[in-house]
Amino acid sequence: GEYLVLLNDRHLPRLRISRAYHAILNKNGNSSESARQYVRQKLNDANWFVNSIEQRRSTMTKVMNYIVEAQRDFLDNGLPYLRPMILQDVADQVGVHAATVSRVTQGKYVQTPRGVFSLKFFFDGTIQQDGGAQLATKSVKDRLAQLIRGEDPAAPYSDDGLMKILQSEGTQIKRRTVAKYRDQLGFPVARMRKEI
């Protein structure tokens with residue numbers, strides 16, 4: 001009954017530093033002090049690089065764990081339950097800067113019971129509902145698409161009609177926003193959807 005977050009990187013090799021370089025640092029070896037100094041600097045750089053990669057993996061896991069926790073209703077029940085979320089929300093919870101969250105989620109995907117999604121999918125605009133609650137823009141677009149697909153082909157809803165239906169369901173939305181979302185979803189205006 002729980003979701004488990006795993007990075008899909010098991011096929012990637014783990015970075016490690018060869019022990020041969022540690023032997024160069026051994027004072028009993030034949031290496032000069034300048035060679036040992038050079039190797040010491042390069043080992044510090046390599047350790048920093050390996051630690052940075054591990055820190056990135058850790059940050060990715062923390063970010064995804066928070067997304068799973070915040071979007072549990074979406075994962076269980078689908079798009080109408082997508083919760084609005086911004087990068088700063090995640091950054092505050094994970095303890096990093098919003099720019100770090102943006103970089104960590106860039107070009108990354110997650111496999112869920114609802115399909116495969118870009119991590120950027122979870123960061124969306126919001127629409128107010130009556131009572132002060134907020135809906136994710138994608139949830140409103142999904143509901144709009146359902147209404148248009150379920151309309152009577154002989155008498156399709158106008159943008160004003162769609163707005164009134166959404167408002168009656170508690171969504172605070174304007175007609176021009178309905179028109180914008182309808183266009184983004186690829187649906188033509190009502191007169192073009194009408195079947196004779």
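At what angle do the axes of H6 and helix H8 cross? This is a predicted model, where local features need pLDDT of at least 70, side-chain atom pairs count only at pLDDT 80 or more, and totals for chains, interfaces and linings use all residues. Residues are numbered from 1 along each chain as its sequence is written, and side-chain values use heavy atoms, leaving out hydrogens and water.

Start with the two helices. Helices are DSSP runs (H or I, at least four residues), numbered from the N terminus. H8 spans residues 175-185, and its axis comes within 10 Å of that of H6, crossing at roughly 80°. Axes are lines fitted to C-alpha atoms over the stretch in contact, with angles from 0 to 180 degrees between N-to-C directions. H6 is therefore roughly perpendicular to H8 (65 to 115 degrees). From H6, the contact includes Thr137, Val140 and Leu144. From H8, Val178, Tyr181 and Leu185 are among the residues that take part. Contact means heavy atoms within 4.5 Å.

Now follow the chain out of H6. Alanine 154 sits in the loop between helix H6 (137-149) and helix H7 (159-168). Alanine 154 counts as partly exposed because its relative accessibility is 43% (the class between buried, under 20%, and exposed, over 50%, with a 1.4 Å probe and protein chains only). Leaving aside residues up to four places away in sequence, alanine 154 touches Lys194 and Glu195. Lysine 194 is 40 residues from alanine 154 in sequence, yet their C-alpha atoms are 5.5 Å apart.

Finally, look at helix H2 (residues 33-70), which holds tryptophan 48. Tryptophan 48 is exposed, because its relative accessible area is 59%.

Key
Angles under 35 degrees count as roughly parallel, over 145 as roughly antiparallel, 65 to 115 as roughly perpendicular and the rest as oblique.
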